[in-house]
Amino acid sequence: MRYASESGRLSGFCKILFLACLFLYGAPSLAQKSQDTGPPKYNLETETKMKATVEEVKLPPKGSEKEVAHLLVKNGTETVDVYLCPKSFLDDMGVSFSKGDEIALTGSKVKQDGADLILAREVVKGTDTLVLRDDKGRPIWNWHR
């Protein structure tokens, strides 16, 4: 009997040790994966300014106006995907974009699922300036609703 109870304690200790190892070594890798799949975050360190021409306007399907609208723009020979804001915010602001529009934008270069994109903070079209994020990169459409 004595041998069985010592063995039971050892197996309990092994379970605790296993869980501790899982927590210490497994949790950071799980957290890393969840960060990669979440929405991209604005990074002031990668902020850039550019002038570009709209190649394509990508809007979410009808009924999904809270999803992000984005533009494919051409900057020289490079085509860049620019994430703007939810379509409903564009509609509320009375702003639209069309192929061929000349724009100037300020935004953060980030990666999402291995692809390069820009999170727009400000877009200038003609004499109109659309401000999408504050000077720290926080979306202003969250305040709007």
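1. The model is a predicted one, in which local features need pLDDT of at least 70, side-chain atom pairs count only at pLDDT 80 or more, and totals for chains, interfaces and linings use all residues. Residues are numbered from 1 along each chain as its sequence is written, and side-chain values use heavy atoms, with hydrogens and water left out.

2. H70 counts as buried because its relative accessibility is 14%; buried means under 20% relative accessible area, exposed over 50%, and partly exposed in between, with a 1.4 Å probe and protein chains only. Its side chain makes a polar contact with the side chain of D81, at 2.6 Å. A polar contact is a pair of N or O atoms within 3.5 Å; within protein, one must be able to donate a hydrogen and the other to accept it, and residues adjacent in sequence count only if both atoms are side-chain atoms. Leaving aside neighbours within four places in sequence, H70 is in contact (heavy atoms within 4.5 Å) with E56, V57, K58, D81, V82, Y83 and L84.

3. Do have a look at E55 too, in strand β1 (residues 47–58). E55 is partly exposed, with a relative accessible area of 31%. Not counting residues up to four places away in sequence, E55 touches L72, V73, K74 and K99. E55 and K74 are 19 residues apart in sequence, and their C-alpha atoms are 6.4 Å apart in space.

4. The largest nonpolar core has 22 residues, of which V82, L84, I103 and L132 touch the most other members. Such a core is a set of buried Ala, Val, Leu, Ile, Met, Phe, Trp, Tyr and Cys residues joined through side-chain atoms within 4.5 Å. β3 gives the most to this core, with four residues. L84 itself has contacts beyond four places in sequence that include V68, H70, F97, L132 and W141.

5. Which residues lie nearest the centre of the largest pocket? They are P39, P40, V68, R133 and W141, out of 14 lining residues. The elements that give two or more residues to this lining are β3 and α3 (141–144), and β3 gives the most, with three.

Notes. 1 Å grid on protein atoms, 1.4 Å probe; cavity = no way out; pocket = protein on both sides within 12 Å on 5 of 7 lines; lining within 4 Å.
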